[in-house]
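Visitor: I would like a close look at one part of this model. Please take it step by step.

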Amino acid sequence: MSKMVNLKINNIDVSIEAGTTILSAAEKLNIKIPVLCYHKDLCIAGNCRVCVVEIVGSRKLAAACATPVSEGIEVMTNSLLVRNARKHIIELLLSEHNADCTKCYRNGNCELQDLAAEYKITNQDFIDMAHDGVYSIDDLSASIIKDDSRCIRCQRCVRTCRELQSVGALAVAHKGSEMKISTFFDRPLAEVVCTNCGQCIIHCPTGALIEKTYIERVWDAIADPDKHVVVQTAPAVRVGLGEELELQTGERVTGKMVAALRRLGFDSILDTDFTADLTIMEEGTELLHRLKANLVEGDHTEPLPMTTSCSPGWVKFFEHTFPEMLDNMSTCKSPQQMFGALAKTYYAKKVDVDPENIVSVSIMPCTAKKFEANRPEMRDSGYKDVDFVLTTRELAVMIKQAGIQFVDLPDEKYDSIMGKSSGAAVIFGATGGVMEAALRTAYEIVTGREVPFENLNIEPVRGLEGVREATVKIEKVLPEWKFLEGAELKCCVAHGLSNAKKVMEQVKSGEKEYHFIEIMACPGGCLGGGGQPIPTNDEVRKKRMKAIYDEDTSLAIRKSHENPEIVQIYKEFLGEPLGKQSHKLLHTEYFERQRY
Amino acid sequence: MGKNMLKRIDLIFKNEHDCDIILEKIFKRTNEELINDLIGSGLKGRGGAGFPTGLKWKLTSEAKGEAKYVICNADEGEPGTFKDREILTQVPHKVLTGMAACGRIIGAKKGFIYLRAEYNYLKPSLQKEIDTFHETLKKLKSDFRIEIFSGSGAYICGEESALMESMEGHRGEPRNKPPFPTDAGYLGQPTVVNNVETLAHCWTIFKHGPKKFRDLGVQDSRGSKLFSISGDTPTPGIYELELGMSLQDFVDDFGDGDSKAVQVGGAAGFCVPRKKFRETAIGYQGKLTGISLPTGGSMMIFNSSRSMYNVLKNYLEFFEEESCGQCTPCRVGCQQLLRGIEAVKRGDKPHYYLTKLLRLTETMKMTAKCGLGQSVANSFSSIVENFREEMIY
Amino acid sequence: MTDIQELVGGLVKKFGHKRENLLPVLQGIIEKERSLSDFAMVEVAKQMGISAADVYGTATFYSFMDTEPRGRYVIRVCKTITCFMKGKNQILLALEDSLKVKLGETTPDRRFTLLETNCLGWCHKAPAMLINDEIFTELTIEKVHEIIGEYKNK
């Protein structure tokens with residue numbers, strides 16, 4: 001055990017491990033110190049100075065987030081000196097911030113606004129520098145809007161983009177009064193290595209980085225009597241939405257969400273989970289096909305390891321970073337895009353609506369999905385497969401706008417055709433979920449038996465560890481899979497693009513050998529996606545993750561291939577996994593993008 | 001004027017070139033003896049912050065690390081100071097010797113001179129000097145080596161942690177402290193960062209003994225110091241003077257007879273008005289009569305023809321550009337101070353707005369992330385307090 | 001391979017590809033090109049494995065790392081207090097007159113760029129200016145015309 005240090009905070013004695021910051025020590029005592037640049041996911045910056053505290057006897061105030069405790073110090077977190085300084089700092093931040101709060105997308109959920117309210121900043125002593133400054137608003141990306149006039153230069157986004165995601169699309173540029181958060185040469189986000197993952201958005205304390213919203217477009221579609229508006233909801237939305245609507249973190253709201261969507265006026269409420277199950281059928285088959293081709297037939301055109309392709313942030317990152325390995329990525333479209341392609345073909349036929357008149361909306365925990373839906377190749381139905389993508393947060397806004405009392409809603413069920421799903425699909429929302437779902441199905445296809453894990457819960461691939469590995473030994477296979485007898489399937493799961501990059505570099509160098517790699521761009525997987533409620537941190541991720549696995553266990557069907565609607569769609573429409581129709585509608589290709 | 005009240009000291013630029021003899025002497029002695037000499041001399045950092053040099057070396061020698069480094073801070077960017085350039089031009093071997101001594105004591109094999117881009121023209125001669133010095137070191141079987149690292153135009157890199165960020169290839173943004181460079185400096189390793197002049201003084205101390213140095217100056221402010229004298233003076237230039245002198249004596253010596261203020265310590269320093277010349281001493285703490293001001297050596301004299309508003313505005317424009325921009329009080333504070341005095345001058349803000357800005361300077365001093373950020377408001381508070389009417393009318 | 005790629009390649013080889021070699025590499029480009037083009041920065045990013053935005057962000061921190069095109073001779077006139085007191089503005093006017101450009105501009109023949117800079121450390125011999133790495137002090141209007149005349153003939 002490490003050394004303990006004794007100190008006083010606001011006259012309360014506390015003994016705490018050496019190396020702890022004053023901020024964490026105060027937190028242990030339930031003393032809240034305000035922060036702006038500090039975020040639990042990120043390294044310490046210590047630059048906003050809002051968290052300054054007084055150490056009795058020192059002429060300077062110390063940043064609580066960046067100062068370790070030391071023996072015998074007396075810390076005051078709310079002395080007159082501290083209050084005055086802190087107020088000054090908030091006023092300074094407001095003076096360079098476009099504080100037209102009523103016209104801000106983050107109005108009501110802004111850390112700076114909260115602080116201004118808490119400290120009752122009613123004066124405007126300092127000169128307003130936001131309104132005479134020349135600020136650029138970059139709204140050219142399909143996913144993210146960057147509004148420099150709202151930026152308080154805390155650099156959370158830069159640290160997120162660099163450390164958490166190793167993307168490095170954002171950096172701090174210039175110095176002094178010119179200092180700003182910038183892309184390379186201040187180019188639009190749409191023209192740089194930005195993966196649209198939206199992690200910068202959920203880490204931004206203000207409205208400087210927000211999602212590009214399509215709410216009004218969706219309202220328009222709903223109001224148009226000629227349009228048949230279908231909506232799909234991603235697995236992770238149901239474990240996050242409640243947070244935006246006065247429910248506890250980690251509360252499952254699947255039934256209420258369906259009820260709300262129906263009340264919003266969507267014509268059909270369907271589930272991305274259905275196509276998540278379909279993804280498993282296609283991707284699982286693709287994996288088996290690749291194993292056979294590579295291990296038996298010596299055909300390496302579709303090499304191993306195969307990586308998943310459901311996370312559009314990851315896909316774009318891969319295209320930028322590992323262009324020489326594009327063939328390693330599963331050709332499967334993401335569940336959202338599979339759904340989109342089927343909505344305007346299979347579904348249209350089933351409900352007898354002209355696909356021209358179908359508006360396909362998806363609710364995603366993700367901002368990269370907005371970009372994905374706009375990729376030019378995502379039009380295999382003959383139309384734009386997915387018309388509009390809304391984040392979990394945007395759906396919450398619509399529900400509030402409609403005056404729906406979400407908490408009081410009854411639980412309702414999805415509509416049929418593409419509305420049924422299995423527990424395997426639900427867990428797509430958590431890191432490791434796709435891997436687990438794929439194993440549940442692939443193992444059974446090959447051996448005719450269930451995966452050898454208690455209650456089908458493949459624990460080794462679960463959790464928040466950045467990179468997780470699992471080996472599944474395949475024994476007593478069915479005759480047609482004889483070549484896999486005794487084989488050990490080496491799997492790897494990574495989440496957060498920094499971890500993804502690490503894993504892929506190890507694969508590239510030959511240091512690691514895997515057959516199958518699941519990668520999610522966002523820490524925690526989709527449940528921690530860039531479109532999820534703010535704040536998101538590990539504490540929140542854990543609660544949402546628990547909800548996801550609870551949802552899985554609560555369902556009668558836990559394996560994708562047992563979803564009756566899946567069986568039906570292959571019988572009636574697709575034929576077989578990797579078949580001709582599947583290839584046309586459910587698979588895609590990737591393109592090399594500039595790394596710099 | 002020109003009364004020669006103050007004794008001129010001739011140590012730093014004294015024509016001495018026996019590097020090999022001094023180094024041999026240094027290498028023969030124990031670390032303890034050497035550190036004791038330094039501590040005994042009372043030498044404090046000549047960059048302006050005034051940290052005891054012997055203690056800094058001692059702490060670094062005791063710190064654990066895979067490698068250790070000596071960095072000579074030649075990022076002389078404080079407005080009004082130019083003495084380090086002169087040292088590196090005239091007696092670079094003294095600085096190199098100081099670095100080698102430090103390297104030996106703390107256990108460093110590598111030293112760097114962080115040379116500001118504005119002094120790029122010094123590089124060829126300095127490199128030649130380093131090459132010769134390396135020959136001497138080789139003869140003495142020392143594997144200590146020195147390299148020049150060029151800055152690229154950033155005042156803030158004079159702050160030691162910003163300097164190291166810059167050397168590591170990053171934006172020169174000051175780090176959080178602790179850890180201090182003595183524990184985790186360049187590349188995370190224990191590092192001594194010393195000003196050019198500090199290292200040059202080590203020559204004197206190791207050659208002539210600590211007493212010779214200690215006998216100069218007063219109380220806590222021992223030794224001599226180079227002063228860069230500019231502004232309204234008939235004799236601008238670099239002078240080596242004893243610490244502890246009174247500002248009145250200084251002005252009598254160097255002023256033009258009409259001095260109304262002296263800016264001590266550069267743009268980040270303090271402005272002293274005529275009425276306070278007598279009570280002000282130049283040095284670290286250790287009061288003579290009234291206040292005592294530390295300085296990196298910048299002494300800018302203003303006569304009564306100068307508008308202190310223009311002086312302050314020039315300083316604030318400097319800081320508005322040269323703040324690294326990461327921390328709120330310095331980045332936004334400097335802009336507010338500058339725009340504030342302009343607004344008062346224009347009449348867009350009432351004169352008592354200056355009082356609000358003075359309160360803001362208190363916050364800036366207490367909350368900025370680095371030492372420079374904490375001092376950017378010094379000139380504002382000392383000029384506004386003493387020349388308030390010039391700010392308004 | 002383009003000239004820039006070759007230049008960057010040579011510099012990275014000379015200094016090393018570690019992050020702590022970034023400034024020397026960028027300085028090497030400046031020495032040759034007087035400024036950092038987007039193409040050059042992308043090349044540095046590629047060869048040193050740093051994100052391009054990060055290279056840009058680092059470069060723009062330093063006043064001597066221009067990211068806009070510059071002339072062969074970059075003139076930097078000191079604007080800090082003593083030079084200001086000793087007539088920097090007249091010097092600037094003389095330069096503008098002699099070069100027929102305004103502050104911040106580059107001559108059409110791409111030979112001269114006229115800029116201001118912060119303290120050059122020649123306060124006792126103000127006013128002062130740098131032309132590339134060469135220092136000129138105790139400037140007068142006549143001296144300025146003379147110096148520029150010499151440079152024009154270079």
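What separates the centres of domain 1 of chain B and domain 2 of chain B, taken over C-alpha atoms?

Guide: This is a predicted model, where local features need pLDDT of at least 70, side-chain atom pairs count only at pLDDT 80 or more, and totals for chains, interfaces and linings use all residues. Residues are numbered from 1 along each chain as its sequence is written, while chains are lettered from A and ligands numbered from 1 in the order in which they are written.

Now the domains. The two centres lie 33 Å apart, taken over C-alpha atoms. Domain 1 of chain B covers 19-214, and domain 2 covers 308-392; such bounds come from an automatic or database domain assignment. Their contact takes 9 residues from domain 1 of chain B and 8 residues from domain 2 of chain B. Two residues are in contact if their C-beta atoms, placed from the backbone, lie within 7 Å. On the domain 1 side, 6 residues are nonpolar, 1 is polar and 2 are charged. Nonpolar means Ala, Val, Leu, Ile, Met, Phe, Trp, Tyr, Cys and Pro; charged means Asp, Glu, Lys and Arg; the others, Gly among them, are polar.

Next, one residue. Gly172(B) sits in the loop between α7 and β4 (191-195) of chain B. Helices (H or I, at least four residues) and strands (E, at least two) are DSSP runs, numbered from the N terminus. Gly172(B) counts as buried because it has 27 C-beta neighbours inside 10 Å. Buried means 20 or more other C-beta atoms within 10 Å of the residue's own, with C-beta atoms placed from the backbone. Beyond its neighbours within four places in sequence, Gly172(B) is in contact with residues including Cys324(B) and Phe61(C).

Key
A residue is buried if 20 or more other C-beta atoms lie within 10 Å of its own, exposed if 12 or fewer, and partly exposed in between; C-beta atoms are placed from the backbone.
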